[in-house]
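Open the model in your viewer and get ready to select residues by number. Each stop tells you what to pick and what you will find there.

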Amino acid sequence: MNLHFGFSYTGLVFLVMLFAPNFLWAKNKPENYDKYAKNENRILLAFERIGEISVTCLSLIFSDFNIQKSYRTIFLIIAFILMILYEIYWIRYFKSSKKMKDFYCSLLGIPVAGATLPVAAFVFLGIYGKNIFLLLSTIILGIGHIGIHINHLKEINET
């Protein structure tokens, strides 16, 4: 593993694709979201926050994520496709009635797509860049973020 410090424009693109819909979501939260958010597991929340910060930073500071001629480019393509699916998920949510079931729905059979798709994309980005730090950070993020979303989905299904 040979890591190269430097700005990653690819990481920036992924982060813009990740954060832009979330800024819009802040004004378009699902009905009763705060009721569910107050029940979030503190351990999962800590994993999510640590993962968010580390994935954000690491995505930007390694030039290994930038486009290179490599057999690993397939991993970058998969990561980008997953991010496109993530954008499609958001378009579908914003066009919905914005209920909790809309927010935690699956896409193409991928459960809790709003959480799963970006985590999977950053795993593939980490594989592409051969960056163990991004991979570990994304796993931490996934445990927290996907875990929280699955717990919310369970709560929704119980009501």
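**Stop 1: helix H3**

Select the buried residues of H3: they pack against H1, H6 and helix H7 (132-158). Keep in mind that this is a predicted model. Which residues of H3 are the buried ones? Pick Leu44, Leu45, Glu48, Gly51, Ser54, Val55, Leu58 and Ser59. Now show the whole helix, residues 42-61. H3 holds 20 residues. From first C-alpha to last, H3 reaches 29 Å, close to the 28 Å expected at 1.5 Å a residue.

**Stop 2: Glu48**

Stay in helix H3 and zoom in on Glu48. Is Glu48 buried or exposed? Its relative accessibility is 7%, so Glu48 counts as buried; the cut-off for buried is under 20%. Next, show what Glu48 touches, leaving aside its neighbours within four places in sequence.

**Stop 3: helix H1**

Select residues 9-25, which form helix H1. H1 has 17 residues. Its span from first C-alpha to last is 24 Å, close to the 24 Å expected at 1.5 Å a residue. Colour the buried residues of H1: Thr10, Gly11, Phe14, Leu15, Met17, Leu18, Pro21 and Trp25. What covers them? The cover includes helix H2 (33-37), helix H3 (42-61), helix H4 (73-95), helix H5 (100-103) and helix H6 (113-128).

**Stop 4: H4 against H6**

Hide the rest and show H4 with H6. Their axes come within 8 Å and cross at roughly 165°. That angle makes H4 roughly antiparallel to H6, because angles over 145 degrees count that way. The crossing is left-handed.

Now display the side of H4 that makes the contact: Thr73, Phe75, Leu76, Ile78, Ala79, Leu82, Met83, Leu85, Tyr86 and Tyr89.

**Stop 5: Ile81**

Stay on helix H4 and select Ile81. Ile81 has 46% relative accessibility, so Ile81 counts as partly exposed. Finally, select Gly147 as well and draw a distance line between the two C-alpha atoms. Ile81 and Gly147 are 66 residues apart along the chain, and their C-alpha atoms are separated by 23 Å.

How values were computed:
Residues are numbered from 1 along each chain as its sequence is written. This is a predicted model: local features need pLDDT of at least 70, side-chain atom pairs count only at pLDDT 80 or more; totals for chains, interfaces and linings use all residues. Side-chain values use heavy atoms; hydrogens and water are left out. Helices (H or I, at least four residues) and strands (E, at least two) are DSSP runs, numbered from the N terminus. The expected span of a helix is 1.5 Å times one less than its number of residues. Buried means under 20% relative accessible area, exposed over 50%, partly exposed in between (1.4 Å probe, protein chains only). Contact means heavy atoms within 4.5 Å. Axes are lines fitted to C-alpha atoms, for helices over the stretch in contact, and angles run from 0 to 180 degrees between N-to-C directions. Angles under 35 degrees count as roughly parallel, over 145 as roughly antiparallel, 65 to 115 as roughly perpendicular and the rest as oblique. A crossing is left-handed if the near helix is turned anticlockwise from the far one by less than a right angle, and right-handed if clockwise.
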